[in-house]
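Student: Please show me the chain, and then let us work through it by question and answer.

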Amino acid sequence: MLYMIGLGLGDAKDITVKGLEVLRRCSRVYLEAYTSVLTVGKEVLEEFYGRKLILADREEVEQEANNILKDADISDVAFLVVGDPFGATTHSDLILRATKLGIPYRVIHNASIMNAVGCCGLQLYRFGETVSVVFWTDTWRPESFFDKVKKNRQNGMHTLCLLDIKVKEQSLENLIKGRKIYEPPRYMSVNQAAQQLLEIVQNQRIRGEEPAVTEETLCVGLARVGAEDQKIAAGTLQQMCTVDLGGPLHSLIITGGSLHPLEMEMLSLFSIPEKSSESQSIDGL
């Protein structure tokens, strides 16, 4: 049996009782290590779970999945995913591969950022399509996701922006030369995402377009959701460029325009302190 086990969002103890019981009886336990991260490292997980973990990077999961599935038809293999197992399409692919090989599977769900963002007070059923914001480079600065943000706002829906992480990535030079040298991990912050969004807004104005988002659009920044040091900040997109939410992982919500009074009241708990009379408070948005 292949077991896909969600680990939740915080630390080692966020795994479900069911997931922990299954994990401890599996012959091999893989830890998916590239779509998200917990606030603790592999060693802490191993100590709490009582099992050695095999790190599975993107290359192994996407190109060498048969190594993970080896003997899973005659023994139990666990594949651990931060959040919920189906938070990334890669994991659906692993299920499909197992099915084609005649390997049965079972999914043990857990909390993910997709539902945990409700902690800021915005109502989950008012969220539209989720988007990903990637790190820009000198030659690659995609803006296509902004169309989804515009559509969500036209429909009065909030947009959850999942911010880029770079784990075990190679530079272009090392990739071309086939050198297994990897760049240090990078995690996009709310500040970086907001700055890229503002540049897209400016680009749209230059092209004569009316941007669906402006500097004054109400946004919510979240960091380390599910952890004890979780942080939430609500303010304008402009304010998000300077707010300090600390270490990863970060997420950003672009609100859908008009808010329910309960949403507004909840967001007021996380309002960024005013720095000037020109800034607009949440109560005034």
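Questions and answers on this structure follow.

Tutor: This is a predicted model, in which local features need pLDDT of at least 70, side-chain atom pairs count only at pLDDT 80 or more, and totals for chains, interfaces and linings use all residues. Residues are numbered from 1 along each chain as its sequence is written, and side-chain values use heavy atoms, with hydrogens and water left out.

Student: Is Gly 87 buried or exposed?

Tutor: UniProt, in an unreviewed entry, lists Gly 87 among the positions of a "binding site"; its positions are given in the numbering used here, feature names are shortened, and annotations may be inferred rather than shown by experiment. Gly 87 sits in the loop between β4 (77-81) and α5 (89-100); helices (H or I, at least four residues) and strands (E, at least two) are DSSP runs, numbered from the N terminus. Buried means under 20% relative accessible area, exposed over 50%, and partly exposed in between (1.4 Å probe, protein chains only). The relative accessible area of Gly 87 is 59%, so Gly 87 is exposed.

Student: Which residues is Val 225 in contact with, leaving aside its neighbours within four places in sequence?

Tutor: Val 225, also in the UniProt "binding site" record, lies in the loop between β10 (218-223) and β11 (231-236). Its relative accessible area is 8%, so Val 225 is buried. Contact means heavy atoms within 4.5 Å. With neighbours within four places in sequence set aside, the contacts of Val 225 are Leu 9, Ile 113, Ala 116, Cys 119 and Gln 230.

Student: Which residues does Leu 94 touch, not counting those up to four places away in sequence?

Tutor: Leu 94 belongs to helix α5 and is buried, at 1% relative accessibility. From Glu 62 it is 32 residues away in sequence and 8.1 Å away in space, C-alpha to C-alpha. Apart from residues up to four places away in sequence, Leu 94 touches Leu 2, Met 4, Ala 65, Leu 69 and Phe 79.

Student: Which strands stand at the edges of the five-stranded open sheet?

Tutor: The five strands are ordered β3-β2-β4-β1-β5, with parallel pairing; two strands pair if DSSP finds at least two bridges between them. Each edge strand has a single partner, so one side of it is left without a neighbour in the sheet; these strands are β3 (54-56) and β5 (105-108).

Student: What is the bridge partner of Ile 5 in β5?

Tutor: Strand β1 (residues 2-6) runs parallel to β5 and is joined to it by four bridges. Within β5, the partner of Ile 5 is Ile 108.
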